[in-house]
Amino acid sequence: MSAKYRPTIGIECHVQLRTKTKLFSGAGNDARTAKPNTLINHIDFGLPGALPVFNREAMHLAIRAALALGVEPQLFSTFDRKHYFYPDLPMGYQITQYDQPVILGGKVEYILNGELKTVAITRAHLEADAGKSSHPSAKAYSLVDLNRAGTPLLEIVSEPQMHSAAEARAYAKELYLLMCYAGVTDGDLYHGNMRFDVNVSLSENDQLGVRSETKNLNSFRAVEKAVAYEIKRQSDLLDRGQSVVQETRGWNEAKQKTLSQRSKENADDYRYMPDPDLPPLEIDPAFIKKVRSEMPNLPSFWRNELSSLGLSLSQSEILLEAGIDFTNANYMDLLLDFKHSGLNTKMLVNWLVNVDIPLVRTDSSLINANRRELYKEVIGLVEAGKLSSTNTKELIAAALKSSEAAKDLANYASRAGLLQQSDSSELEAIIQEVLASNEAAVKDVAAGQDKAIGFLIGQVMAKTSGRANPEVARQIVKRLIKQD
Amino acid sequence: MARLSKDDVLRLAHLARIELSEEEVSEFLIELNEVLAYVQQLQSSDTEGIRETNQVNALTNVMRDDQLIDYGYPPSELLKNLPAVLDDQIQVKRMVE
């Protein structure tokens with residue numbers, strides 16, 4: 001990348017609100033596993049005469065979002081129609097908030113390379129999502145599923161105040177954490193609960209350059225890569241004396257590049273007009289006060305808590321990203337309990353990050369597993385030298401998945417062959433056999449060649465199907481050979 | 001008084017994704033200008049000191065609780081209104097290349 005251009009990045013993010021039903025209808029809002037066109041009714045279907053009615057919970061969550069962004073919500077906001085024709089938009093317009101949105105202002109703060117950065121929020125508005133279209137290959141048609149039509153979104157628009165791909169990624173991640181911890185969204189990125197559009201432009205002076213918009217990025221990594229790609233693409237164009245075209249682009253994950261998409265209509269082409277079906281929203285300041293008093297703890301709070309437990313920054317961030325308190329797993333309580341009991345907290349974090357959290361990601365029902373006793377028993381076994389690190393992970397996974405295994409952990413571990421043989425007398429007998437059948441190696445060890453010890457321990461491990469504690473075996477081998 | 005031009009009509013037709021013949025364009029040009037002239041009577045109203053509003057019915061906060069509602073229109077019935085359905089999805093002209 002040429003350093004002569006200064007990149008400027010602004011991000012629009014669509015956050016799917018955590019409601020049971022849609023923004024303007026009583027249809028279910030969880031389209032993740034629903035069969036096509038089952039979460040629909042006459043309102044989402046855009047039938048003439050259907051009357052949309054605003055979902056009270058969306059107002060509650062918008063207030064939470066405002067408070068998480070450090071700003072009071074607007075007491076008065078309105079709904080508008082944004083007109084365009086596309087097969088996934090049954091009404092022929094999207095219901096959104098145009099000139100009087102529910103949030104104006106606010107900020108997102110994040111730390112990048114030890115430096116505190118602040119990005120100002122321009123606005124955030126409530127709007128209904130469109131349906132989902134798919135395009136079967138080699139067919140003359142597309143298919144539309146309206147389960148998502150009417151899903152409540154909060155579109156959060158940042159000021160163009162980021163200047164690198166890394167900053168864009170850090171902003172996206174911090175916004176994600178804020179919205180998840182505030183309980184505004186479930187934050188299921190895989191299912192598009194947060195989608196980012198990045199606006200990138202380059203300039204050689206104080207004037208902003210022409211920008212491209214890359215739409216529908218659904219991971220922090222994609223945000224970072226798309227921004228980096230656009231900076232490179234645009235600076236190559238400018239270097240060649242060409243100009244950047246203002247256009248909408250899409251990120252192609254397979255090709256790792258952005259590609260030009262259909263040209264977008266101008267704002268006045270959308271023919272915005274106040275929606276006559278939807279009276280304005282007036283938020284009662286007393287209700288804001290109530291929502292404020294019920295606000296969950298935000299990431300900055302948990303960062304302080306985790307750092308007071310002596311966790312490293314990267315461990316804290318991984319735990320934060322996995323969700324400390326917005327699931328029922330209550331990792332924080334667990335960590336606190338470990339700390340207060342004088343147990344090894346770092347070991348616990350290691351298991352949470354490497355075993356527990358990835359497992360919960362694949363099966364959310366595992367959130368409900370009873371962890372407190374489980375981890376205390378596991379750490380007991382580890383400290384007694386009975387579990388290797390690989391087997392510890394296997395045992396934790398088994399115990400999280402099966403309450404039977406968790407109930408009688410030590411027995412389960414023994415039956416499953418996960419325990420190490422640290423019992424010296426039993427192990428000593430096996431080692432005697434190994435030494436008897438490997439005389440050459442024994443001589444080498446006696447002659448001071450430590451390499452041969454490794455070979456003998458390998459034999460012991462093979463004979464015990466990996467259940468011997470290698471450290472204990474090593475001590476026994478050394479003792480037995482010195483005695484010879 | 002502002003008047004619509006032929007280009008305005010063509011642009012509106014494009015945004016509405018409808019095709020108009022030459023005759024239709026001339027026809028709509030007259031009709032739309034008549035509609036516009038009718039609505040433009042509002043411009044002569046004295047609005048001095050009157051607060052801007054989006055609503056004439058003075059309602060605010062018409063809301064419902066976040067609960068599932070059975071409106072009595074099963075999806076299968078709604079899908080029957082469509083010209084083409086494939087595997088419970090709405091079949092439309094291909095949108096992408």
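Author: Helices (H or I, at least four residues) and strands (E, at least two) are DSSP runs, numbered from the N terminus. By that rule, chain B has three helices and three strands, arranged from the N terminus as α-α-β-α-β-β. This is a predicted model, in which local features need pLDDT of at least 70 and side-chain atom pairs count only at pLDDT 80 or more, while totals for chains, interfaces and linings use all residues. Residues are numbered from 1 along each chain as its sequence is written, with chains lettered from A and ligands numbered from 1 in the order in which they are written.

Reader: What does the radius of gyration of chain B show when set against a compact globule?

Author: The radius of gyration is taken over C-alpha atoms, and the globule rule is 2.2 Å times the number of residues to the power 0.38. For 97 residues a compact globule would have a value near 13 Å, but chain B has 22 Å. The C-alpha trace of chain B spans about 55 × 45 × 25 Å along its principal axes.

Reader: How many of the residues in chain A are buried?

Author: A residue is buried if 20 or more other C-beta atoms lie within 10 Å of its own, exposed if 12 or fewer, and partly exposed in between, with C-beta atoms placed from the backbone. Buried residues make up 39% of the 484 residues in chain A, and 4% of the 97 residues of chain B.

Reader: What makes the span of helix α13 of chain A agree with expectation?

Author: The expected span of a helix is 1.5 Å times one less than its number of residues. The 13 residues of α13(A), 424-436, should therefore span 18 Å, and the end C-alpha atoms are 18 Å apart, which agrees.

Reader: Why are the buried residues of α13(A) placed on the same side?

Author: The buried residues in α13(A) are A:Leu427, A:Ile431, A:Val434 and A:Leu435. They cover an arc of only 95 degrees around the axis, so they lie on the same side of α13(A); the arc is that of the directions from the helix axis to the C-beta atoms. On the other side of α13(A), A:Ser425, A:Glu426, A:Ala429, A:Gln432 and A:Ala436 are exposed.

Reader: What makes β5 and β16 of chain A edge strands?

Author: Two strands pair if DSSP finds at least two bridges between them. An open, antiparallel sheet of three strands has the order β5-β4-β16 in chain A, and the edge strands β5 (93-96) and β16 (273-274) each pair on one side only. Between β4(A), residues 80-83, and β5(A) there are four bridges; A:Arg81 has A:Ile95 as its bridge partner.

Reader: Which strands pair across the two chains?

Author: β10(A) pairs with β3(B), residues 89-93, in the antiparallel sense over four bridges. There, the bridge partner of A:Leu143 is B:Gln91. The contact takes 35 residues from chain A and 31 residues from chain B, two residues being in contact if their C-beta atoms, placed from the backbone, lie within 7 Å. β10(A) gives the most to the side of chain A that touches chain B, with five residues.
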